[in-house]
Amino acid sequence: MTTQTETAAPIRVRIAPSPTGDPHVGTAYIGLLNFIYARQRGGQFVLRIEDTDRTRFVSTSEQMIFDSLRWLGLTWDEGPDVGGPYGPYRQSERTQIYREHIEKLLASGHAYRSFETTEELEAMRKSQIAAKLPPRYNGAHRELSQAQIDAFLGEGRPYVVRLKVPVDGETSFRDELRGTVTFSHNNVDDQVLMKSDGFPTYHLANVVDDHLMRITDVIRAEEWISSTPKHVLLYKAFGWELPRFWHMPLLRNLDKSKISKRKNPVSLIYYRESGFLPQALLNFLGLMGGGMAQPTEEEIVSKGINSKEGDIFSLAEMLERFDFQRISLGGPVFDLTKLKWMNGEYLRAMPPEGFLQALRDTIFSDEHLRRIGLLVQTRIETLAQFGDMADFFFKDDVMPAPEVFVPKKRTLEETLAFAAEQLAVLEATDFREEALEPALKQLGVDKEWPVKDNFMLLRAILTGKTASPPLLESLIVFGKARTLDRMRRFLETQKRLGGGRK
């Protein structure tokens with residue numbers, strides 16, 4: 001089995017985000033690395049949409065991905081919206097291609113149909129846990145006879161298609177940052193390749209698409225290392241050349257845990273709506289992993305590099321100075337304090353007109369002011385009262401005191417527990433009034449919180465006040481990303497202060 005060489009074919013890389021919600025900052029991080037790699041080598045940067053998980057699909061997410069990446073200044077050469085020679089670039093439009101390749105795997109014996117019911121798989125999992133074994137598929141249907149397969153098919157019994165991983169031996173591959181990585185087949189399960197709904201899993205679609213789209217370098221997060229032996233087995237089963245694999249260190253919270261919305265805002269929408277500049281966020285992401293070569297004193301003087309603390313780089317400078325061989329495997333820390341400092345550096349470096357334009361484009365855009373104005377117009381008597389009524393839309397931090405947010409006859413502990421439930425509901429609900437109102441009211445019914453106390457608490461957390469423009473409309477204008485961040489910061493602050501303790 002051979003792998004790509006840089007001289008064998010034109011460089012082609014890709015990112016493949018899933019449209020399952022707000023675009024993630026990790027998508028921008030991996031997208032930037034792929035963009036740099038392609039542009040440094042005169043290659044092509046491809047955007048592919050992995051939308052085969054129909055249970056989590058969000059119809060508006062794809063456009064948000066496009067808009068957020070372009071806001072950052074990342075552009076792609078091929079993709080669903082720009083076309084290209086190897087489309088379609090949405091996986092949901094490629095299902096026939098995957099089914100044809102599944103048939104090839106079934107015919108060659110590298111895959112098999114698995115007919116277990118959900119109940120049978122759950123019983124299998126429970127018995128393995130009881131026996132203190134790692135839960136995994138036990139291979140019960142690996143060797144079904146053709147007669148058994150025909151009988152199940154004749155019954156119309158649903159099935160998935162699984163990869164037939166060799167029982168013995170091991171699979172090795174080269175990671176360009178780590179060298180040779182080897183997995184025993186004892187630790188590689190018979191992965192589902194095609195779900196019972198006829199849609200492929202990530203693993204099959206990923207390999208088929210990367211091959212057919214002629215991807216030479218797969219640059220992705222290190223969490224996919226454990227999946228790579230399955231992908232290598234698929235490449236071998238099809239008789240295809242391997243791409244080069246680069247598994248990038250994961251973005252980490254300050255405590256070194258994997259970056260998560262519980263400890264850092266992860267939505268690109270949040271950063272855009274909160275007034276972070278795209279060039280600052282891109283600069284910050286470019287520093288993750290240690291790939292940027294620091295300028296020498298001579299370069300600072302001769303080239304005029306703006307490099308306070310050696311950290312300020314334009315995208316053009318990143319393309320010139322980024323070295324993939326310098327990347328450190330230690331998880332880069334996504335330090336929001338440092339990002340805010342960096343954003344401040346960019347803001348202070350702006351000419352006054354540029355700064356005012358940035359304010360107009362984000363915080364004080366005509367559309368944003370129009371939506372807020374419609375909420376407060378009927379509630380004020382002078383224009384000077386606009387700020388009193390709408391200030392929470394423009395504040396970065398609102399932290400009400402307990403006497404503001406704790407309803408009568410409720411304890412602080414009960415209130416914070418209910419606020420955490422509100423957060424969970426808001427995370428799972430589309431930000432439309434017709435969706436938010438019944439979801440929040442149902443929560444109140446389930447937890448025996450009257451509508452008045454329910455909405456009063458949410459109003460206090462969002463606005464810091466007991467009175468405001470209409471609550472649900474305010475939530476929608478404020479936006480889901482910022483609302484969730486404000487709720488999380490409120491709960492985290494109360495936790496630090498000891499709120500809720502008996």
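In this model, Leu440, Lys441 and Gly444 of H18 are in contact (heavy atoms within 4.5 Å) with Val451, Asn454, Phe455 and Leu458 of H19. The model is predicted: local features need pLDDT of at least 70 and side-chain atom pairs count only at pLDDT 80 or more, while totals for chains, interfaces and linings use all residues. Residues are numbered from 1 along each chain as its sequence is written, and side-chain values use heavy atoms, with hydrogens and water left out. Helices (H or I, at least four residues) and strands (E, at least two) are DSSP runs numbered from the N terminus.

**Packing of H18 and H19**

- Helix H18 spans residues 433-447 and helix H19 residues 451-463; their axes are 9 Å apart and the packing angle is about 120 degrees.
- Axes are lines fitted to C-alpha atoms, for helices over the stretch in contact, and angles run from 0 to 180 degrees between N-to-C directions.
- The two helices, H18 and H19, are therefore oblique to each other, given that angles under 35 degrees count as roughly parallel, over 145 as roughly antiparallel, 65 to 115 as roughly perpendicular and the rest as oblique.

- Helix H6 (residues 202-212) is largely enclosed by the rest of the structure, because nine of its eleven residues are buried, that is, under 20% relative accessible area with a 1.4 Å probe and protein chains only.
- These buried residues are Tyr202, His203, Leu204, Ala205, Asn206, Val207, Val208, Asp209 and Asp210.
- Their cover includes strands E1 (12-15), E7 (192-194) and E8 (217-221), together with helices H3 (95-108) and H7 (228-238).
- H3 packs on H6 at an angle of about 105 degrees, with the axes 11 Å apart; H3 and H6 are therefore roughly perpendicular to each other.
- On the H3 side the contact involves Ile97, Tyr98, His101, Ile102 and Leu105, and on the H6 side Leu204, Ala205, Val208, Asp209 and Leu212.
- The residues of this contact divide into eight nonpolar, one polar and one charged.
- Arg214, which follows H6, has a positive phi near 60 degrees.

**Nonpolar cores**

- The largest nonpolar core has 58 residues, of which Met248, Phe324 and Phe334 touch the most other members; such a core is a set of buried Ala, Val, Leu, Ile, Met, Phe, Trp, Tyr and Cys residues joined through side-chain atoms within 4.5 Å.
- Helix H1 (residues 25-40) supplies the largest share of this core, ten residues.
- Beyond four places in sequence, the residues touched by Met248 include Tyr29, Ile30, Leu33, Phe324 and Ile327.
- Another core, of 37 residues, lies apart from the largest one; Phe393, Leu426, Leu436 and Leu491 are among its members.

**Two buried loop residues**

- Pro19 lies in the loop between E1 and H1 and counts as buried at 1% relative accessibility.
- Pro19 and Thr52 are 33 residues apart in sequence, with their C-alpha atoms 9.5 Å apart.
- Leaving aside neighbours within four places, the contacts of Pro19 include Ile49, Arg56, Phe57, Val58 and Ile65.
- Phe431 is placed in the loop between helix H17 (412-428) and H18, and it counts as buried at 12% relative accessibility.
- Phe431 and Leu472 are 41 residues apart along the chain, and 9.0 Å separates their C-alpha atoms.
- Leaving aside neighbours within four places in sequence, Phe431 is in contact with Leu426, Leu436, Leu475, Ile476, Gly479, Lys480 and Thr483.

Terms used:
Buried means under 20% relative accessible area, exposed over 50%, partly exposed in between (1.4 Å probe, protein chains only). Ala, Val, Leu, Ile, Met, Phe, Trp, Tyr, Cys and Pro count as nonpolar, Asp, Glu, Lys and Arg as charged, and the others, Gly among them, as polar.
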